[in-house]
Amino acid sequence: MFLTLALLRKGIPGKQWIGKYRRPRQITWQMKRNMLKSLEREAENEYWISRSYMTRDQEFGHAAERRAQTWLKIKESKFCTFPEHKYITDHLSHLNTTKKWSS
C-alpha cells in the first residue's frame, strides 16, 4: 500500500514524518540496543520491587518517631517567626486623650 501510494502520487502527501500516510522510520541497531537496555532495566526494577525489604509488621509504624520529630521541628520554626499578639487598645490608645465622666 505504501509503495503504491508513493509510486502513483509521486511522493508522500503532506509532511513525510507525521500524519496517516507518513513515511515509516528506519529501525537502527542503536534503537534496538537502547530498547533492549531499557527493557532489561525495567525487568530488574520489577524484580527488586516485587521482593519486600521489611515484613508488614516491621513496616507498620517504623517511621512514626522520625515523622513526629520532623513535625515538631516544623512547628517550632513556624512559631518562632509568628508575630506577637496585638490588641485593639494598643492601636486606639491615642484616641484616649480625655477620659472623664461628665456629670
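A residue counts as buried under 20% relative accessible area, as exposed over 50%, and as partly exposed in between. Ile74 has a relative accessibility of 43%, so this residue falls in the partly exposed class. The structure discussed here is a predicted model.

**Fold and confidence**

The chain contains five helices and zero strands, and its elements follow one another in the order α-α-α-α-α. Mean pLDDT for the chain is 86, with 88% of the residues at 70 or more. Helix α2 has the highest confidence, at a mean of 97, whereas α1 has the lowest, at 70. Where pLDDT is low, the predicted coordinates should not be read in detail.

**Surface**

Of the 103 residues in the chain, 1% are classed as buried. The accessible surface amounts to about 11,300 Å², and carbon and sulfur atoms account for 58% of that area. Ile74, which lies in helix α4 (residues 64-80), belongs to a nonpolar surface patch together with Trp71 and Leu72. The accessible area of these three residues together is about 300 Å².

The table lists relative accessible areas for residues discussed in this report.

| Residue | Relative accessible area | Class |
|---|---|---|
| Pro13 | 37% | partly exposed |
| Tyr47 | 39% | partly exposed |
| Ile74 | 43% | partly exposed |
| Trp48 | 55% | exposed |

**Aromatic pair**

One aromatic pair is present in the structure. Its members are Tyr47 and Trp48, whose ring centres are 5.0 Å apart; their planes meet at 75°, so the geometry is edge-to-face. The cut-off for that class is an angle over 60 degrees. Tyr47 is partly exposed because its relative accessible area is 39%, while Trp48 reaches 55% and is therefore exposed.

**The loop between α1 and α2**

Where is Pro13 placed in the chain? Pro13 sits in the loop that runs between α1 (2-9) and α2 (29-50). With 37% relative accessible area, Pro13 is partly exposed. Pro13 and Arg23 are ten residues apart along the chain, and 9.9 Å separates their C-alpha atoms.

Technical notes:
Residues are numbered from 1 along each chain as its sequence is written. This is a predicted model: local features need pLDDT of at least 70, side-chain atom pairs count only at pLDDT 80 or more; totals for chains, interfaces and linings use all residues. Side-chain values use heavy atoms; hydrogens and water are left out. Helices (H or I, at least four residues) and strands (E, at least two) are DSSP runs, numbered from the N terminus. Buried means under 20% relative accessible area, exposed over 50%, partly exposed in between (1.4 Å probe, protein chains only). Accessible areas come from the Shrake-Rupley method with a 1.4 Å probe; for residues, only the protein chains shown count as cover. Rings of Phe, Tyr and Trp (its six-membered ring) pair if their centres lie within 6.5 Å; planes under 30 degrees apart count as stacked, over 60 as edge-to-face and the rest as tilted. Patches are made of residues with over 30% relative accessible area and no salt bridge: like charges are joined within 9 Å, nonpolar side chains (Val, Leu, Ile, Met, Phe, Trp, Tyr) within 5 Å. A salt bridge is a side-chain nitrogen of Lys or Arg within 4 Å of a carboxyl oxygen of Asp or Glu. pLDDT is the predictor's confidence in each residue, from 0 to 100.
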